Amino acid sequence: MLSLNELIQQRFGLPTTVDQTAPNKTLTDMLAHRSCRQYKADPIPEELLQVLLAAAFSAPSKSDLQQACVIRINNRDKQQHIADLSPHTAWIANAPVFMVWCGDSRRIRRLAAWRNHPFANDHLDAFMNAAVDAGIAMQSFIVAAESVGLGCCPVSEIRDHIDALSTALELPQWVFPVAGLCVGRPVEAGRISLRLPLEVTVHTDRYDDSAMIEHVADYDRRREAIEKTKPDQQRFVAQFGVSHDYGWSENRTRQYAVPARTDFGRYIREQGFDLS
Ligand SMILES: Cc1cc2nc3c(=O)[nH]c(=O)nc-3n(C[C@H](O)[C@H](O)[C@H](O)COP(=O)(O)O)c2cc1C
């Protein structure tokens with residue numbers, strides 16, 4: 001088993017002097033996280049799933065409002081239907097467990113009517129709090145699942161066809177999908193995905209990104225030395241050509257140079273949210 005120092009080094013591709021006097025399984029598992037998109041066919045026992053779901057919903061929740069929910073897709077035809085919505089999501093049909101994590105602002109609004117109180121917080125914060133709760137609960141599920149050797153992958157690409165997805169899940173007003181989640185026993189160990197150095201993501205006392213570009217340029221080089229992207233594997237080559245210093249920043253800025261999911265705001269408003 002790798003030490004914490006070795007795991008941190010592997011995660012960032014940089015030497016580290018972090019003390020490793022207190023290794024523990026939670027830290028080791030979190031540092032070794034990798035998304036898994038290929039699963040053995042073995043079913044996951046229902047008892048284990050119940051424990052993982054209980055752990056997920058033990059996560060913190062904004063104001064204890066508990067505005068997350070998850071829709072487990074047990075019907076294989078429905079899972080196939082969701083997978084078929086986009087060529088990008090075809091692979092999710094093979095996940096032994098598939099679920100969709102949702103923000104749920106409906107529950108508290110129904111409770112407000114039941115308790116005979118106005119719902120006086122109909123603004124952007126209501127959407128954001130439910131989205132954050134769902135994301136935290138999903139991540140807690142992932143940590144729990146990885147701790148017992150399962151592999152997971154969140155799938156926001158299921159939102160590419162948001163109306164069809166919403167119809168398939170019969171989502172009522174005030175409930176919206178955040179991401180799908182595939183779960184199963186990993187076919188292979190998978191690869192650690194290098195993260196930006198903490199100099200970029202951790203600020204002290206004030207926001208300061210003055211050295212960000214230099215750090216990212218170094219990160220691009222470190223990451224590319226591992227990933228060795230072939231010219232024909234670059235993103236959107238037809239549109240942007242072949243880059244000779246391709247790396248994470250080129251890949252991700254190409255991704256966001258092309259509009260995607262531009263209908264999501266419209267969908268969220270139609271679900272009843274006032275985003276002002
Ligand atoms: C909210 C969210 C949505 C994601 N959506 C997708 C997706 O649609 N398809 C996919 O293959 N991976 C998806 N991922 C997984 C990321 O691509 C992955 O976390 C990232 O590449 C880093 O790799 P790692 O998780 O192995 O460290 C998603 C992750 C998150 C947190």
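View 1. Glu170 is exposed, with 8 other C-beta atoms within 10 Å. In this predicted model, Glu170 sits in the loop between H7 and S4. Its phi is near 50°, a positive value in a residue other than glycine.

**View 2. Trp174, a buried residue of the loop between H7 and S4.** Look here for another positive phi: that of Trp174 is near 75°, again in a residue other than glycine. Trp174 counts as buried because 23 C-beta neighbours lie inside 10 Å, and 20 or more are needed for that label.

**View 3. The largest nonpolar core.** This core holds 42 residues, and Trp101, Phe141, Cys152, Leu181 and Cys182 touch the most other members. Helices H3 (46–56), H4 (76–83), H6 (124–147) and H7 (162–169) each supply at least two of its residues, as do strands S2 (97–104), S3 and S4 (175–184). H6 gives the most, with 10 residues. Zoom in on Phe141 to find Leu52, Leu53, Ala56 and Leu181, which it touches when residues up to four places away in sequence are not counted.

**View 4. The shell around the ligand.** Here you can pick out His33, Arg34, Ser35, Arg37, Cys153, Pro154, Val155, Ser156, Glu157, Ala179 and Ser193 surrounding the ligand. Strand S3 (residues 151–155) provides the largest share of this shell, 3 residues. Sorted by class, the shell has 4 nonpolar, 4 polar and 3 charged residues.

**View 5. The two domains.** Domain 1 covers 33–190 and domain 2 covers 198–255. Taken over C-alpha atoms, the centres of domain 1 and domain 2 are separated by 29 Å.

Definitions and conventions. Residues numbered from 1 in each chain as written. Predicted model: local features only at pLDDT ≥ 70, side-chain atom pairs only at ≥ 80, totals over all residues. Near = placed C-beta within 6 Å. Helix = DSSP H or I, 4+ residues; strand = E, 2+ residues; numbered from the N terminus. Nonpolar A, V, L, I, M, F, W, Y, C, P; charged D, E, K, R; others polar. Domains from an automatic or database assignment. Core = buried A, V, L, I, M, F, W, Y, C linked by C-beta atoms within 7 Å. Buried ≥ 20, exposed ≤ 12 C-beta atoms within 10 Å, placed from the backbone. Contact = placed C-beta atoms within 7 Å.
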